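Here is a short report for a first look at this structure. Please keep the view open while reading.

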Amino acid sequence: MPRPRGPRGGIPEKSKDFKGSMKRLFSSLKSWHTLILISLILAMSSAILALIAPNKLSDLTDTITLGISPKINEEITKKIMSDESIKLEDKQTFMNLMENAQNMDSDELISKIDGLPNSIYNYIKPSIDMTKVKKIGIVLAIIYIVSAIFNFVQQLLMTTVSNNFAKKLRTNISQKINRLPLKYFDQHETGDVLSRVTNDVDTIAQNMNHSLATLVTSLTLFLGSILMMFITNWIMAITAIVASIIGFGFMGVILKKSQKYFTQRQIELGNLNGYIEEIYSGHNVVKAYNGDKQANKEFDELNSKLYICNKKSQFLSGLMQPIMMFVGNFGYVAVCVVGALLTMNNIISFGVIVAFMIYVRLFTNPLSQIAQAMTSLQSIAAANERVCEFLDEPEMSNQEKCSEYLEKSKVKGKIEFKNVKFGYDNNRTIIKDFSVLANPGQKIAIVGPTGAGKTTIVNLLMKFYDINDGDILIDNVSTKKLTRENIHQLFVMVLQDTWVFDGSVRDNLKFNKENVTDDQIWQVCKTVGIEHFIKTLPGGLDSKLGDSDTVSQGQKQLLTIARGMIEDAPFLILDEATSNVDTRTEELVQKAMDKLTEGKTSFIIAHRLSTIRNADKILVMKDGDIIETGSHDELIAKNGFYADLYNSQFQL
Amino acid sequence: MLKIFKNFSKKDIFLILTCVFFIVIQVWLDLKMPDYMSQITRLIQTEGSQMSEILKQGFYMLLCAFLSLVSAIIVGYFASLVSANFSLNLRGKIFRKVEKFGMEEIKKFSTSSLITRTTNDVTQIEMLISLGLQMLIKAPIMAIWAVSKILNKSIQWSALTGGCVIILLMTVFILMLIVLPRFTIVQKLIDKINGVTRENLTGIRVVRAFNAEKYQENKFEEINTKLTNNQLFNQKCFAILNPVMNLVMHSLTLGIYFIGAYLIEKANIEGKITLFSDMVVFSSYGMQVIMSFLMLAMIFMMWPRAQVSAKRINEVLDEEEKIKDGEINSSDSKEIGTVEFRNVSFKYPDADEYLLKNISFKANKGETVAFIGSTGSGKSTLINLVPRFYDVTDGEVLVDGVNVKNYTQELLHNKIGYVPQKAIMFTGTVASNVGYGDNGKEKATIEEIKKAIEIAQGTEFVEKMPDKYDSHIARGGTNVSGGQKQRIAIARAIARKPEIYIFDDSFSALDYKTDYTLRKSLKKFTSDATSLIVAQRIGTVINADKIVVLDKGECVGIGTHKELLKNCEIYKEIALSQLSKEELENA
């Protein structure tokens, strides 16, 4: 059973290019082609066995039927008459019965026959060919068992294929994330990528698991049952098919109608969920502004809209089952009536009717299953399209031309920006002509209003983005000639958004660096001032960090600073690294940092100007350009933009 | 689970009873059909039957099938009404309940959990009702009725059917036993895989800066493998279900015929024909019995999931809100615009340590009182006590000389204009966001809204938006920047024209210049309103009538900037961390 997924009858999404998507899916399943083929052959064989079975069952019924009617014919009568052991008296009774037979109805006749003396009764008593019954029974049992085994093996194979394929897709997506340029993530939401990893891959796996085999089985059953019906008796075959098609036409109409409500329902559900989310997360504002009456009103409106769609879509989808039943019964009666007509005229045997009763079901069931399988294929195609779209995104520039390598321990620490030009998209330049020189050991601060391009400078320095023009040199080597990995080795970067992942404090601090002892970790924690805080946590370094509220933003920020310190590299970038910490703590951290950055070239972005007063060089940026440079005192003396910005802090 | 069904309204119950009635009819019709089937069989078997007789029986059977369809449609209609109705009402109930919650209850459940409880969990139960209601009623009726019909026909056949039912139920039961616990594991792994991907995406710059791509990929791969293995195990287990089901059903038919052959062989001629038609009928009733037990098994598979949801919903509905309305609902006190804390202490109900200890101060009409202190010193908690987001543990909070607990919350909130730390935007327009809520007076006019935005320094950017004041604000305010959101939130408080303003660190998203001009124009406009301001920047508080300095939940100093600089060590430290000595003296 698949994991229950969403409301039943969810709308299948339409893919843009069904054929292309399926082709692509099929080729990416290459390593599993044999398994899939075996599985499909098994499915087909299982279906064929299911088709043979009714025929055998009809044989069985016929054999039993043959043993029901009394065997009265001239031959038997002669035998009875010539049998010396039977009393004359009894022979007379039998002859009388035979003569009067035409005047009695069948029930009366039968009871009279049952009343005949044993000597005669034994002659005319019908008997079933039990050896034949047994033989057919065994054959049928074998057919059923083999069919079940095929079915089971086929499902095992498909499950293996679909789950391993899903695993491969997930791995591919996860690795792709790390090969995409940051630009991609600026333009796409996290939720979008996430839903591809889970929902879309899941859709593919779940639907593939069932739909392919179902499709093959159903098609085989469908075509096979038509064939078998025609082989058995064409009049009956036409009866069964016509009767079923009338029913399905009816069902198609309903299906079409309900589709609309399902789409509508999905939309309304989305609206309502969005509204609930909005009100719940704004709960204190709603409360403080007495907005609850208004909220209730809007909620009720959305809720009753959903109610209407819910009602209609559920009703219509609930109709399918009863209609299917009716179609089955209708076919059944039609087969029986026509069958009876034919039996009475001795065109067919009763066994044929029994076989047809089963054929009617075999014929009607696959039709709806084929329809279902087709919709699942549609959702597979749509999901696969989205996954492929992600996997096909252009990756970061290749690094074959990066010939130089800077050894971490030998770097002196000089960085130079030379007429750098850059824009996130081609028609909007953010950094126009940026040149600056940072000598080894200098502390460079970048300030300026939001949108001035401060973070962009850092992004370029880290080679997260490729510059459009100009050059950035580290120790006189162009970063164009260095691999991204090499550059990243040289920098410690601490960002404004406190990124803490699900894991222990130790894992978060060590991150991917190996061979870090606990002593080293404690040392750094002491420097940053979170030693006490970590000790108060229930498991010390082993306590889990996550989305929990136990760790404040400020503490998380200190953790990320500690992580940066453990990493240790010749260059340091602090991008608003202390903005979530109160100013007193910040001062403590600053002191620790200063000790740490001694001799290191560092870049500091801050909107709290107090943080950067002691920088060697302050770059004041506005609209992608440096408009002022100098030390704090020089810039204040200049009485320009910086001074203005600075003084606005204490205006009254 | 049963408790949740108490939420059915009288109308629902009436509808359910109607459903039961029609289901009984449907079952009766469904079970009547095999009778006609056997009649037809008999007629075909017996030589010399009239065709008209067969047609008559066929017509009856079809009539049964049609009426069964009609009653199924009626049942389906009522069932969809019931389930849609149920979820409509239940969702409404939960929503209203959550509306009444205080911060304490919200925190206890967490916002995201409350959202899933109102949406997914309700859908889950709705599904159980819409699918299950019919099955749950129909299956037992069908099973009992069908069993009673066949029970006296033949012990051998009945035993066979019973055996098949037991095998099926055992299979389902054992499967559930093995697989259900694994479902929970799979669910957790899916959450984990989501978590790892999310962290890789949100921390993409950190991951790259640390060259930690491989590290993250390995972490992902580990969970991916676990997930795949668990999924494989589950689905392989379930692969057995379908073949077993088919095998059992086929075996039943085969078995009935096989046993039938022996029974017929032994009987006398009169008995043979009866037995034969009984056999055909029995095989169809036997199928019905198995089907109804399968339906029951399906419900038991759905049940545990729905049960979990029901439990989660009940938890919300049963939660008693701690904050209860007082009785004062009209404002007639002599004091206006005052806020007073008398020996206020506060701790979370299950916490050991106090977040606020013995705080006392008074803000008079027209005064500005600022609160400053390091992260975690309790500033936000303190002002959250005024609009009763929490209630005090000890002491009293008085607004206009009356304990806040004695007001109705509506009246209390009408006196207050609250701006949270994180600006909240509602889907709508700029104007609808600013004019949000109900202050017991008339709705704000567009002129008042414009004025409020002007005071909040938002005119410039709002005028630049495509539809100005009617510009669309997207869900969560994603189409406006942080600073813009904050200004709209402040304008919202201004448009409310309250006696008391509460700013919970509302100015930190603004740059110094905007912060300054905003506060200046606000002061001019609201000269007779009282303001409580939580702040981080010295510049924001420097001009306040009273500054309350908090440290670890205790008040370590109250006074003006100048006074505190002289006599409050902590205040001095905070100030010096932001400004130099000379600057402080000049200020």
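At roughly what angle do the axes of helix α7 (residues 130-177) of chain A and helix α8 (residues 213-239) of chain B cross? In this predicted model, the two axes cross at roughly 165° and come within 9 Å. An angle over 145 degrees counts as roughly antiparallel, and therefore α7(A) is roughly antiparallel to α8(B). The crossing of α7(A) past α8(B) is right-handed. Twelve polar residues take part in this contact, together with six nonpolar and five charged ones.

From α7(A), the contact uses Leu169(A), Asn172(A), Ile173(A) and Lys176(A). From α13(A), Val387(A), Phe390(A) and Leu391(A) take part. By class, the contact of α7(A) with α13(A) has five nonpolar residues, one polar and one charged.

| Helix pair | Axes come within | Crossing angle |
|---|---|---|
| α7(A) and α8(B) | 9 Å | roughly 165° |

**Where the chains touch**

How many residues of each chain are in contact with the other? Chain A contributes 128 residues and chain B 133. On the chain A side, helix α12 (residues 292-344) supplies the largest share, with 28 residues. The side of chain A that touches chain B has 62 nonpolar residues, 46 polar and 20 charged.

**Chain A as a whole**

Chain A holds 22 helices and twelve strands. Its C-alpha trace spans about 145 × 60 × 55 Å along the principal axes. The radius of gyration of chain A is 41 Å, whereas a compact globule of 652 residues would have one near 26 Å.

**Domains**

Chain A is divided into three parts: domain 1 (18-64 + 131-391), domain 2 (70-125) and domain 3 (413-650). The C-alpha centres of domain 1 and domain 2 of chain A are 59 Å apart.

Key:
Residues are numbered from 1 along each chain as its sequence is written. Chains are lettered from A and ligands numbered from 1 in the order in which they are written. This is a predicted model: local features need pLDDT of at least 70, side-chain atom pairs count only at pLDDT 80 or more; totals for chains, interfaces and linings use all residues. Two residues are in contact if their C-beta atoms, placed from the backbone, lie within 7 Å. Helices (H or I, at least four residues) and strands (E, at least two) are DSSP runs, numbered from the N terminus. Ala, Val, Leu, Ile, Met, Phe, Trp, Tyr, Cys and Pro count as nonpolar, Asp, Glu, Lys and Arg as charged, and the others, Gly among them, as polar. Axes are lines fitted to C-alpha atoms, for helices over the stretch in contact, and angles run from 0 to 180 degrees between N-to-C directions. Angles under 35 degrees count as roughly parallel, over 145 as roughly antiparallel, 65 to 115 as roughly perpendicular and the rest as oblique. A crossing is left-handed if the near helix is turned anticlockwise from the far one by less than a right angle, and right-handed if clockwise. Domain bounds come from an automatic or database domain assignment. The radius of gyration is taken over C-alpha atoms; the globule rule is 2.2 Å times the number of residues to the power 0.38.
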